[in-house]
Amino acid sequence: MFLWLWLIGWSAFALPVAVASLRGWAPKRVRSRTSPWSIRVRGVALLVIWLGGLTGPLLRWSDLDSADASFLASVVQGGLLMFAGGLVAGSQLGEWFYRRAVRAQVVDQAEGIIGRL
């Protein structure tokens, strides 16, 4: 019974947020700080986390021994969480490098304009 509740509750919570992020929706304060592709990458990361939350109950329902299912679930969930964390960290680094490049370009343009005066 708990496994059904977990699957329904986890899907009702995580899946709509992930789909909304994939479509590019985010709160206004998040949209002002991040690019649309970064929001979509985070949506993919949320889908990976959602999938990780489903692996435990699905493996418990399988015909595996309970010890084997627990071990496999922990390995798969850990791997999926690390993958999702890598996606989020990569999107953050991409944003940081992009902002740094834009800032350097603005400074170069400003120096060029000042030099002409």
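Guide: A residue is called buried under 20% relative accessible area, exposed over 50%, and partly exposed in between, with a 1.4 Å probe and protein chains only. This is a predicted model, in which local features need pLDDT of at least 70, side-chain atom pairs count only at pLDDT 80 or more, and totals for chains, interfaces and linings use all residues. Residues are numbered from 1 along each chain as its sequence is written, and side-chain values use heavy atoms, with hydrogens and water left out.

Visitor: Is Gly-56 buried or exposed?

Guide: Gly-56 counts as buried because its relative accessibility is 3%.

Visitor: Where does Gly-56 lie, and with which residues is Gly-56 in contact?

Guide: Helices (H or I, at least four residues) and strands (E, at least two) are DSSP runs, numbered from the N terminus. Gly-56 belongs to helix H3. Contact means heavy atoms within 4.5 Å. Setting aside neighbours within four places in sequence, Gly-56 is in contact with Ala-73 and Gln-77. The C-alpha atoms of Gly-56 and Gln-77 are separated by 7.8 Å, although the two residues are 21 residues apart along the chain.

Visitor: Is Ser-91 buried or exposed, and which residues does Ser-91 touch?

Guide: Ser-91, in helix H4, is buried, since its relative accessible area is 1%. Not counting residues up to four places away in sequence, Ser-91 touches Trp-37, Ser-38, Val-41 and Arg-42. Gly-53, by contrast, is 38 residues from Ser-91 in sequence and 22 Å away in space, C-alpha to C-alpha.

Visitor: Which residues illustrate the exposed class?

Guide: Tyr-98 counts as exposed because its relative accessibility is 54%. Tyr-98 has its place in helix H4, residues 66-116, and its C-alpha is 23 Å from that of Leu-46, 52 residues apart in sequence. Pro-36 is likewise exposed, with a relative accessible area of 53%. Pro-36 is in helix H3, residues 36-61; between its C-alpha and that of Pro-16, 20 residues apart along the chain, the separation is 18 Å.

Visitor: How many helices and strands are there in the chain?

Guide: The chain has four helices and zero strands, and reads α-α-α-α along the sequence.

Visitor: Which residues does UniProt list for "transmembrane region"?

Guide: UniProt positions use the numbering adopted here, feature names are shortened, and annotations may be inferred rather than shown by experiment. The unreviewed UniProt entry lists residues 6-25, 37-59 and 71-90 under "transmembrane region". In the model, residues 37-59 are 100% helix and 0% strand, with end C-alpha atoms 33 Å apart. Residues 71-90 are also 100% helix and 0% strand, and their end C-alpha atoms lie 28 Å apart.

Visitor: What is the radius of gyration of the chain?

Guide: The radius of gyration is taken over C-alpha atoms, and the globule rule is 2.2 Å times the number of residues to the power 0.38. A compact globule of 117 residues would have a value near 13 Å, whereas the chain has 21 Å. The C-alpha trace spans about 75 × 25 × 15 Å along its principal axes.

Visitor: What do the totals for burial and contacts show?

Guide: Of the 117 residues in the chain, 26% are buried. Among contacts between residues at least 6 apart in sequence, 70% join residues at least 24 apart.
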